[in-house]
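Please open the structure in a viewer and keep the sequence at hand.

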Amino acid sequence: MEKYGFFSSINDDRLYTAADFTSYFSKFLQNGYFPDTNAFVVEANGTLELKVNPGTMWINGHVYELTDKKTLTVEVESNLSRRDRIVVRLDYVNRKIETVIKKGIPSEKPSFPALQRDTDAYEMCIAEYLIGPGITAMQQSYIIDRRNNVNFKRTRRL
């Protein structure tokens with residue numbers, strides 16, 4: 001079989017799917033954010049709100065652009081600690097990509113929730129934090145930047 005593309009359509013003879021494009025882009029763009037030192041940095045502001053800086057990234061051939069700072073609200077536990085992740089989630093079922101908090105399970109010895117990477121969704125962790133019982137404000141020192149770990153790195157530009 002020979003596959004080729006992309007050509008302009010004449011009378012609808014060239015119809016391409018998202019899979020055609022994601023397959024193509026996945027060949028030369030790896031998962032990660034485009035080089036910008038502030039892209040997807042998570043910032044605490046002394047409240048229970050966290051701000052995620054704008055940026056652009058690729059996930060499995062799909063593009064995601066956060067054009068403005070996004071506010072995420074941390075939920076507090078009353079008597080146990082919890083480890084949460086901030087992830088960029090590629091949702092294949094609902095056909096969208098979004099930045100969300102992935103809550104861990106409250107425990108005396110909490111662990112981070114597993115990243116979902118299956119046919120329904122693919123998650124990239126950009127930050128992690130521990131939320132202790134009764135905390136009323138997030139501090140920058142609570143946040144661990146995970147943008148440059150082995151599973152999430154800057155993508156190449158051509």
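A residue is termed buried when its relative accessible area is under 20%, exposed when over 50%, and partly exposed in between (1.4 Å probe, protein chains only). The model is a predicted one, in which local features need pLDDT of at least 70 and side-chain atom pairs count only at pLDDT 80 or more, while totals for chains, interfaces and linings use all residues. Residues are numbered from 1 along each chain as its sequence is written, and side-chain values use heavy atoms, with hydrogens and water left out.

**The whole chain.** Begin by selecting the protein chain, which contains one helix and ten strands; helices (H or I, at least four residues) and strands (E, at least two) are DSSP runs, numbered from the N terminus. Its C-alpha atoms fill a box of roughly 65 × 30 × 30 Å along the principal axes. Of the 158 residues, 36% count as buried.

Next, select Phe6, in the segment before helix 1 (18-26). Is Phe6 buried or partly exposed? Phe6 counts as partly exposed because its relative accessibility is 35%.

Turn now to the charged side chains. The structure holds eleven salt bridges, a salt bridge being a side-chain nitrogen of Lys or Arg within 4 Å of a carboxyl oxygen of Asp or Glu. In general, side chains of opposite charge can pair when their charged atoms come close. Select Glu75 and Lys103, whose side chains meet in a salt bridge with an N to O distance of 2.9 Å. This pair links distant parts of the chain, 28 residues apart: Glu75 is in the loop between strand 6 (70-73) and strand 7 (82-91), and Lys103 is in the loop between strand 8 (96-102) and strand 9 (121-131). Glu75 is partly exposed at 46% relative accessibility, and Lys103 is partly exposed at 39%.

**Arg85 and Glu128.** Which residue forms a salt bridge with Arg85? Select Glu128: the closest N and O atoms of the two residues are 2.8 Å apart. Arg85 lies in strand 7 and Glu128 in strand 9, so the pair ties together parts that are 43 residues apart in sequence. Both Arg85 and Glu128 are buried.

**Asp145 and Arg147.** Proceed to Arg147, which forms a salt bridge with Asp145, the closest N and O atoms being 3.0 Å apart. Arg147 is buried, with a relative accessible area of 6%, whereas Asp145 is partly exposed at 44%.
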